[in-house]
Amino acid sequence: MSGALRTWLALLRHRDSGGHLPAVLAVVAFAAATWAVLTVAGGVQAFTGRARLAGPESDAALYPLLASVSVALLVVPSAALGGAAARLTVARRDERLARLRLVGATSAQTGLVALLDAGLQAVAGAAAGVVLNLLATPAVALLRFQGRAFEPAELRLGPLPVAAAVAAVLVVSLVSCAVGLRRVSTTPLGVAQRLPVKTLSRLRVLPVLVVGLAFAAAFRGLGSLAAGVGLGAAVLVLAVLLAGTFALYNLLGPLLLSLLGRVLAARARSAATLLAARRLVEDPRGAWRGVGGIALVTFVAGCLSVVPGMTATDGGDVEGDALLRDTGTGALVTLVVAAVLAAVSTGVTQASRVLDAAPQHRALHLAGADVRVLHAARSRETWVPLLVTAGGAALTSLLVVSPLLAVLRSAPVGVLLFAVCAAGGAGLVLLASRASRPLLVRSVDLQQPLR
Amino acid sequence: MTSIRPNGAGGVPGASLGAVDILTARGLVMAYGDGPGATRALDGVDVALRAGESVAVTGPSGSGKTTLLHCLAGVLRPTSGTVELAGADLTAMSDAHRTRLRRSAVGFVFQSGQLLPELPAQENAALPLMLAGVDRRTATARARELLGALGLGGLELRRPGQLSGGQVQRVAIARALVGSPQVVFADEPTGALDQATGEEVLGTLTGAARRAGAALVVVTHDPAVARWCGRTLAMRDGRVVREFRAPAAPAAGGGVPS
Ligand SMILES: Nc1ncnc2c1ncn2[C@@H]1O[C@H](COP(=O)(O)OP(=O)(O)OP(=O)(O)O)[C@@H](O)[C@H]1O
Ligand SMILES: [Mg+2]
């Protein structure tokens, strides 16, 4: 135990092959995840406070529920981001862990070293996230809901919720790290051996059908449900169903991407496309982490693009108008947060892949592959799934709102707004994928002979 | 250890230029770092390699074998000295130019870890051709043909993780040869294999290189490897201290009279 601790301290003092970038990326990832969780939690708290003041009969009672829908939308990408960051830690430690095993460290000791690593970065990142949240609160407070901006005090969380959020980030990182360690079984002889990836089961489609049916049934009964148990309960049912749909969507997404990868691999003509396609097939979950959040929120935002039109045409119910408009604002905020999470997630995932594939990239470069081709493969690996999933989501949402085409036409600004946001989010993701270019350049640096 | 010949310009017979020399290096010096703490990994090495010839480079750890290989292949730029590959001076070229030359004229085999784990064997082997702009169908056909000739028929769609260590090295050999290079460089290609498999792979490598008409430079710790090659250079402290031809050398290009 103390041996592992001393080893970890010794390793900590030495920079590893990837330089500082991986550690910085991991800390940024944990910080972004913490910031996102704290921000949406602050929103829920503020709306709950307002609802308590306004009484149960007012529309204000709906806001906490709507806010929890956005929490449901963001919790999974936040957790996924924490997981990706922890895997990055494991990826760059692989080789050193194997060497430790070679000199007699038990696998428990090496595991402990990796966990300490991930834990330290998670704590540092979470602390940065808390600070970020404090700094950003005045800006977030400028958002107007229910006709007025927030008091920063409304959004500020007490010490207990903050501690809970930090603890959650830590737990997620440690669990993902442990899972990552299991996948990379570091045998004493030879470097880390990667266990074969499990293929995705097509059975993933089944739960989707079940929830789809439940959704349809609930939607039909929504009117009577609202009359029977009140609008609040009906929205709650919807929120639960939405969260369920989201979870399912995360089940289906990787399957879709692995199919896309197979199709691409079969038709690829250039080396770059072939490499990108094979990587999609190899790790569809990793690719999905980068694009899934953007795709989902693009869909939701697309569905809400009719909101400005509805508030403009429908003159009578003032409070109802405000509710609609605020739902639109909320969706926009959710979209922005999701885009940030997705971008960081992509950056982190790509960085761990570059580190994982460093020897192979080097061998390819030695054999005459231009670094440009390697860059091209990596960017294709990001933008192809992004285009297919987010573009597909945008089209689907337009189909959903197509019955309200007249409303859209009366106020096309809604479509424009969400299109700009979705494109901005996608751009952010692509930018993040470029962030790991220096890592690739460094890993093929031929002045360091391959050994 | 027999006579250790002092090394220097013209000290090694291999330095004599012949009409069929594919690779010539003169006065190679490679210093890592500078100032008093610098390591002279190469300290005046001359090598001449004839088309189709096979040469083993042996020597203790740290004697400069890998450094020599990388200088000869245009991976590292030597501190001083010249390397001429297929008539072009590598030391005077831009990085981009050297990369292109490596793509067309050189193949590499390493100890391990050069195949991409997510690609099936045939795609791994076809990759250099595709990178050079050959269309996929032609590249794949050529790769399958080579894999078949190396005894991997039927395993073309397996990924590296689904192959044995020896089979993986055969795929690496196919990849090194797929672009019809003039020289194949191998750095301890059997270092991660057991004795018997290593011998087998080495036989495959030398045979395949000979059939393809490629010259071969094999770096190895193992003196037994030398008998697979026409000529052996023994290194120590950055110099070639001994050079000999295998007594039962396979008919691989002309050696150099000593
Ligand atoms: N990138 C580098 N920076 C500094 N010194 C280096 C570097 N690469 C090699 N050296 C030094 O140069 C010398 C020759 O190294 P080289 O790798 O060529 O040896 P080698 O004969 O291949 O050894 P081995 O059999 O162990 O692979 C060694 O003293 C080594 O420490
Ligand atoms: Mg070496």
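**Exercise 1. Describe the setting of B:Asp194.**

Solution. B:Asp194 is partly exposed, because its relative accessible area is 48% and that class lies between buried (under 20%) and exposed (over 50%), with a 1.4 Å probe and protein chains only. The model is predicted: local features need pLDDT of at least 70 and side-chain atom pairs pLDDT 80 or more, whereas totals for chains, interfaces and linings use all residues. Residues are numbered from 1 along each chain as its sequence is written, chains are lettered from A and ligands numbered from 1 in the order in which they are written, and side-chain values use heavy atoms, without hydrogens and water.

Step 1, location. B:Asp194 sits in the loop between strand 7 (183–187) and helix 6 (195–212) of chain B; helices (H or I, at least four residues) and strands (E, at least two) are DSSP runs numbered from the N terminus.

Step 2, polar partners. The side chain of B:Asp194 reaches the backbone nitrogen of B:Ala196 at 3.1 Å. With the side chain of B:Thr197, the side chain of B:Asp194 makes a polar contact of 2.8 Å. Such a contact is a pair of N or O atoms within 3.5 Å; within protein, one must be able to donate a hydrogen and the other to accept it, and residues adjacent in sequence count only if both atoms are side-chain atoms.

Step 3, a distance. The C-alpha atoms of B:Asp194 and B:Glu84 are separated by 36 Å, the two residues being 110 apart along the chain.

**Exercise 2. Classify two aromatic pairs by ring geometry.**

Solution. Step 1, rule. Rings of Phe, Tyr and Trp (its six-membered ring) pair if their centres lie within 6.5 Å; planes under 30 degrees apart count as stacked, over 60 as edge-to-face and the rest as tilted. The count comes to six aromatic pairs over all chains.

Step 2, chain A. A:Phe47 and A:Phe145 have ring centres 5.2 Å apart and planes at 85°, so the pair is edge-to-face. A:Phe47 belongs to helix 2 (residues 21–54) and A:Phe145 to strand 1 (residues 144–145) of chain A, 98 residues apart. A:Phe47 is buried at 7% relative accessibility, and A:Phe145 is buried at 7%.

Step 3, chain B. B:Phe108 and B:Phe110 have ring centres 5.7 Å apart and planes at 10°, so this pair is stacked. B:Phe108 is buried at 3% relative accessibility, and B:Phe110 is buried at 3%.

Step 4, cluster. Ring pairs link A:Phe47, A:Tyr63, A:Phe145 and A:Phe150 into a cluster.
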